[in-house]
Amino acid sequence: MIKQLCTANYAGGWTFSICGNANRNARGCGAGIYPITPQTEVVETMVDLYNKGLIKKGRIFHVESEHSALAACIGMSMEGARAFTATSSNGALYMAENIVCSALLRLPIVMQIVNRTLGPEWNIWAEQGESLLFRDWGWIQIYCEDNQEFVDHILMAFYISENHKVLLPSMLCVDAFILSHTLMPVLLPTQEEADQYLPSLDLPHRLKVENPCTVGGLSAPRITASHRYQMEADFANVFPVYREAQDHFEKIFHRRPTDPVSGYCVEDAEVIVVASATVASTVRKAVDKFRAQGKKVGLLKFKMLRPFPTELFLSVVKNADKIAVIDRNFALGAPQKVGGIFCQDIVAALGSVASAKLVQSYILGIGGLDVTGDQIDFVINDIFSRSQPTQSLWGGL
Amino acid sequence: MNGLQNHSNKNHSNKNQSSLIRSQNTNCAGCGMSVALNLLGDVLGNNVKMAIPACCGIVTAHSFPFSAYKVPVIASTFAASSMVAAGMKVIQELNHESCHVLAFAGDGGTFDIGLACLSSNAERNENIIYVCYDNEVYGNTGAQRSSATPLGASTTTTPLGKTGFKKDIMAIMAAHRIPYAATLSVGFPDDFTQKVRLASTIKGFRFLHILSPCTPNWKIEPSQTIRLARLAVETGVFPLYEVFEGAKYKVTIRPKELRPVEQYFSLQKRFSRMSPETKNAFERAIHNNWNRLLQLEEIYPA
């Protein structure tokens with residue numbers, strides 16, 4: 001491991017490149033790149049490392065749009081290469097068609113999304129709208145709390161996505177500026193470590209002249225339905241493969257990435273606050289403060305939204321009476337005006353076991369608003385005193 | 001230089017085994033694109049992979065798990081065939097594989113939705129063969145105008161005839177200074193295959209623009225496909241030429257004099273609503289273009 005003070009974007013550029021190069025004894029690697037604030041340093045770093053000769057067998061395509069950035073990855077991945085890219089906000093929307101296409105073609109592409117507010121209006125700060133638009137189309141979705149977690153999950157993502165039981169792409173999300181542009185001490189993988197961690201990619205359906213078939217062409221409804229059903233079945237394989245990826249990670253790096261959802265002070269908690277990405281850090285501090293006052297509150301950090309880790313989630317919250325869900329996103333016009341998307345999923349997960357827990361949705365940090373300690377204090381006080389759920393409560397307006 | 005009079009067709013139609021496409025596919029009788037695929041296969045063999053966007057070319061493959069293609073094909077998203085092909089090609093090169101990678105797209109995927117992507121790949125001089133089979137209409141969706149639709153042609157979205165000229169895609173591609181750009185006609189198979197052969201030996205971005213008569217959308221008889229493909233050349237509607245490095249020109253089929261364009265119009269119901277004024281404007285534009293091409297060839301010979 002190389003200990004370095006770096007931004008998530010630099011860490012991403014480094015780790016993507018190292019992971020790509022780890023496939024040099026197989027079919028190689030590649031990226032399609034197109035800049036967008038606040039992702040730009042990722043692609044600049046990739047190019048810098050590429051120019052320094054770090055990638056022995058690969059290519060970076062300097063393309064004209066995000067749509068082509070991912071199309072380049074699709075072409076390379078279809079040929080069995082390890083492909084990756086990064087984008088943000090409206091860039092992801094311009095890419096939309098190929099985002100869905102990558103998953104439907106079962107290509108293990110890994111993409112960094114710097115979560116940035118969708119526009120107009122033109123707002124470059126953190127919000128999760130763009131990645132959540134692609135929640136339902138077969139991408140594994142990881143929301144990272146800090147730069148280290150992001151680095152670790154790039155390695156994990158290739159490991160999981162490329163597993164033959166999975167073969168689905170991964171989306172790794174980091175909050176705009178809060179992580180993308182913030183220097184943190186990070187342990188970056190060396191080439192040797194990445195080589196040890198990642199097996200070579202062997203894409204079973206890569207295009208071969210000796211086996212001519214048409215991929216992604218016309219398909220009858222029953223065939224399409226079967227393929228989609230198969231995707232859902234394979235999505236469930238992410239959970240055991242995730243554990244395998246953790247075990248393997250621990251062997252090589254002597255640290256263990258956390259579970260898809262993880263609890264903090266949850267065993268005896270009456271109230272659990274659910275948060276994703278960087279907001280989880282702020283909540284953890286607040287939990288410490290309230291615990292010191294004897295209040296039984298805990299944190300559930302929601303890291304992997306897709307596939308939704310239902311069993312794990314239910315086991316973490318089993319002892320709590322009330323759940324406060326903080327969302328840095330909002331689905332307009334949702335039932336009961338509960339527009340927090342993590343919250344909607346949590347309500348559905350609890351509904352599946354007819355739980356009587358009180359769930360309240362809080363909307364913080366929209367448009368990149370700071371999510372402050374005071375706001376978390378308000379959330380915790382509110383959920384303790386609350387007897388009925390109501391519509392999403394907005395903070396910071 | 002091949003004159004029309006001594007240009008012979010050497011039994012291409014006798015081949016019943018194409019390298020690219022299987023017989024008994026479901027394409028329309030008289031489909032120009034099918035002829036183009038046969039001719040491409042005659043030269044390139046089956047050491048080929050293709051990226052095909054939304055267009056008749058991907059419907060040709062027919063339904064999963066079957067494929068009418070004898071080579072691996074990936075259905076790209078509509079705008080991205082050239083990028084997917086370039087991605088494939090690069091990984092093959094890194095692995096020392098020599099197969100030809102084609103982007104095979106219609107005029108919609110080339111002139112319209114795929115233009116930015118095409119331009120970007122041409123600008124970087126990616127090592128692929130881009131084939132545009134141009135039937136001058138959104139054919140798959142039932143004949144809506146594209147920017148390749150010629151002046152005066154009726155489509156479902158230009159029922160009274162298109163009011164603007166066809167986009168000059170060859171000039172756009174030449175402006176990218178790519179190593180090779182050529183126009184091809186299924187009515188001139190020897191010229192066609194010569195160009196494909198030449199393209200296959202060149203490194204870098206190669207652009208092949210094929211006029212592909214479309215029986216349902218041009219409203220023509222299947223028996224007229226080849227005749228119209230020839231007439232398009234003989235009237236100057238679709239001159240056959242090559243552009244090297246975007247700078248050097250070579251006209252490959254040179255009619256002694258252009259036939260009256262009315263012969264081309266009269267066989268196609270899509271031109272039936274054309275006014276005499278529009279026909280005149282069309283003919284003037286064709287003659288200007290033809291003369292311009294001859295001048296370019298004279299000043300900047302290949």
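The largest nonpolar core has 222 residues, and Val273(A), Val274(A) and Val131(B) have the most contacts inside it. A nonpolar core here is a set of buried Ala, Val, Leu, Ile, Met, Phe, Trp, Tyr and Cys residues joined through C-beta atoms within 7 Å. A residue is buried if 20 or more other C-beta atoms lie within 10 Å of its own, exposed if 12 or fewer, and partly exposed in between, with C-beta atoms placed from the backbone. Helix 7 (residues 147-161) of chain A gives the most to this core, namely nine residues. Domain 1 (2-202 + 216-253) and domain 2 (262-394) of chain A both contribute residues, so the core lies between them. The domain bounds come from an automatic or database domain assignment. Helices (H or I, at least four residues) and strands (E, at least two) are DSSP runs, numbered from the N terminus.

This is a predicted model, in which local features need pLDDT of at least 70 and side-chain atom pairs count only at pLDDT 80 or more, while totals for chains, interfaces and linings use all residues. Residues are numbered from 1 along each chain as its sequence is written, and chains are lettered from A and ligands numbered from 1 in the order in which they are written.

Val131(B) touches Leu40(B), Leu102(B), Ala103(B), Phe104(B), Leu208(B) and Ile210(B), leaving aside residues up to four places away in sequence. Two residues are in contact if their C-beta atoms, placed from the backbone, lie within 7 Å. A second, separate core of five residues includes Val137(B), Tyr138(B), Ala143(B) and Trp218(B). In soluble globular proteins, nonpolar side chains tend to be buried together.

Chain B has eleven helices and eight strands. Its radius of gyration is 18 Å, close to the 19 Å that the globule rule gives for 302 residues, so chain B is as compact as a globular protein of that length. The radius is taken over C-alpha atoms, and the rule is 2.2 Å times the number of residues to the power 0.38. Of the 302 residues in chain B, 53% are buried. Among contacts in chain B with a separation of 6 or more, 71% are between residues 24 or more positions apart.

The contact between the chains takes 36 residues from chain A and 36 residues from chain B. On the side of chain A, helix 3 provides the largest share, nine residues. The residues on that side divide into 17 nonpolar, twelve polar and seven charged. Ala, Val, Leu, Ile, Met, Phe, Trp, Tyr, Cys and Pro count as nonpolar, Asp, Glu, Lys and Arg as charged, and the others, Gly among them, as polar. Two bridges join strand 9 of chain A to strand 2 (residues 73-75) of chain B, and these strands run parallel. Strands pair if DSSP finds at least two bridges between them. Thr214(A) stands opposite Val73(B).

Most residues other than glycine have a negative phi, and most peptide bonds are trans. The table lists exceptions.

| Site | Value |
|---|---|
| Pro120(A) to Glu121(A), cis | omega near 0 degrees |
| Arg306(A) to Pro307(A), cis | omega near -10 degrees |
| Ala277(A) | phi near 55 degrees |
| Ala143(B) | phi near 80 degrees |

Ala277(A) is in the loop between strand 11 (271-275) and helix 11 (279-292) of chain A, and it is buried, with 26 other C-beta atoms within 10 Å.
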